[in-house]
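Hi,

Here is the model I promised you.

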Amino acid sequence: MLDAYLQWQLDALKSRSLYRDPDDAFARREVAAAADAQGDRFIDASSNDYLGLAGASVSRETGAAGAGASRLVQGTRAEHVALEAELASWVGLSSALLFTSAYAANVGTMSALGGDDAVMISDELNHASIIDGCRLARAQVLVTPHLDLAAIDSALSAARSTPLRWVITESYFSMDGDGPNLTALRALCDRHRAFLVVDEAHGLGVFGAGGAGRCAELGVRPDVLIGGLGKAVGSQGGFVAGSAALRAFLWNRARTFVFSTAPSPSLCREARAQVAAARAADPARERLHANVAAFRGALSELGVTVGEGSFGPIVPVWIGDGQRALEAAQRLRARGVLAQPIRPPSVPPGTARLRLTVTAELELDDVKRLAERVAEATLT
Ligand SMILES: Cc1ncc(COP(=O)(O)O)c(C=O)c1O
């Protein structure tokens, strides 16, 4: 049903000759071949590469430093397409579209999916990029209490007469280390014939076989999946995965895609290798989850309260007052532990915390020491 709607929109663009296709960029090869055949030098008069620096290879293996233009204006390269294929295969969805960051992916996607005939039902703790995208969506936005399925159910019932209903959540909340019951959320969306958008920025690489994320782990198929390459993948960039129609819709409508220079081909080549490494990193994932269990266990033994419902490597230790969170972080720094104090506006007032993250790099001894230091810094 979603694809039929998106296709209807795309057909409307086609009927007005407004449909565009980034793969048209491969026409540059044909143009170059045509110049060759005539014994002429190929002239690229479409690029913003004013100083001719973008084509410089960092090394023979890494490819061009810059694409020179947006994806729709001759900027698409084989590296983009190959990375998109790798990403779609990773999350088990038909296709993926790259953005310069997950921030850009969220802003572009939410604003494109909105409109007068849409309602966006968004968790109150969704990331700023989702909030900004919803603000630009020209749609009714209903913000529901964190992880509250009953509130989403009521919002969907209230929005019954609105043709397009989107439910938007993160799979693993970056400041709270918790996440929705995705199976129940999918069922709720299906019952209300609503569409599910899941931001997996912090779930990818961490959860599921091959690190394919929480949706894949639970066998939940979102209509729109947002991913980031700047977290567990250790690179930079963002993407949206879903159906082929969604991909085509977004490359026509997501303004952060249409009006932005294509990501660096060289970076995309590196990012693809990083994604492959993240997929193959099951031993590191096992170490990570063993460290998580040890850290959470040690904190609990020491009487440190962590965020209710939190799980996985993001461990919020509640402080409440912003100044006290800052002081706790300073005490930890003085003991050789770098921990991030999180204060408003990153989190709501009165909910300042230490955001501790566990990694696969830590030795078990480090994990125990970390728990002791956190207890000393927060329980005094
Ligand atoms: C849930 C979520 N979505 C999107 C983003 C933005 O990611 P990026 O750093 O790739 O712009 C972040 C990270 O800050 C995030 O936590």
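A quick word on domains before anything else: their bounds come from an automatic or database domain assignment. For this protein chain, that assignment gives domain 1 (2-43 + 64-279) and domain 2 (282-379). Please keep in mind that this is a predicted model, where local features need pLDDT of at least 70, side-chain atom pairs count only at pLDDT 80 or more, and totals for chains, interfaces and linings use all residues. Residues are numbered from 1 along each chain as its sequence is written.

The two domains

Taken over C-alpha atoms, the centres of domain 1 and domain 2 are separated by 31 Å. Where they meet, 9 residues of domain 1 are in contact with 14 residues of domain 2 (contact means that the C-beta atoms, placed from the backbone, lie within 7 Å). The side of domain 1 that touches domain 2 has 3 nonpolar, 4 polar and 2 charged residues. For these classes, Ala, Val, Leu, Ile, Met, Phe, Trp, Tyr, Cys and Pro count as nonpolar, Asp, Glu, Lys and Arg as charged, and the others, Gly among them, as polar.

The ligand

The ligand is surrounded by 14 residues, and the closest are S101, A102, Y103, S174 and A201; a residue is counted here if its C-beta atom, placed from the backbone, lies within 6 Å. By class, this shell has 3 nonpolar, 9 polar and 2 charged residues. Helix 5 (residues 102-113) gives the most to the shell, with 3 residues. Helices (H or I, at least four residues) and strands (E, at least two) are DSSP runs, numbered from the N terminus.

The cores

A nonpolar core is a set of buried Ala, Val, Leu, Ile, Met, Phe, Trp, Tyr and Cys residues joined through C-beta atoms within 7 Å. Buried means 20 or more other C-beta atoms within 10 Å of the residue's own, exposed means 12 or fewer, and partly exposed is in between, with C-beta atoms placed from the backbone. In the largest core, which has 71 residues, M120, W166 and V167 touch the most other members. Helix 5 supplies the largest share of this core, 8 residues. Not counting residues up to four places away in sequence, V167 touches I121, I152, L185, C189, A194, L196 and V197. There is also a second, separate core of 29 residues, with V304, V306, L354 and A371 among them.

V107 sits in helix 5 and is buried because it has 26 other C-beta atoms within 10 Å. Its C-alpha is 6.2 Å from that of I130, although V107 and I130 are 23 residues apart in sequence. I342 belongs to strand 9 (residues 340-342) and is also buried, with 20 other C-beta atoms within 10 Å. Leaving aside neighbours within four places in sequence, I342 is in contact with M175, A325, V347, A352, R353 and R355.

Two loop arginines

Most residues other than glycine have a negative phi. R138, however, has a positive phi of about 50 degrees, and R138 lies in the loop between helix 6 (128-135) and strand 3 (140-144). R193 has a positive phi near 50 degrees, in the loop between helix 8 (182-191) and strand 5 (195-199). R138 counts as exposed because it has 12 C-beta neighbours inside 10 Å, and R193 counts as exposed with 12 such neighbours inside 10 Å.

Cheers

Definitions and conventions: Two residues are in contact if their C-beta atoms, placed from the backbone, lie within 7 Å.
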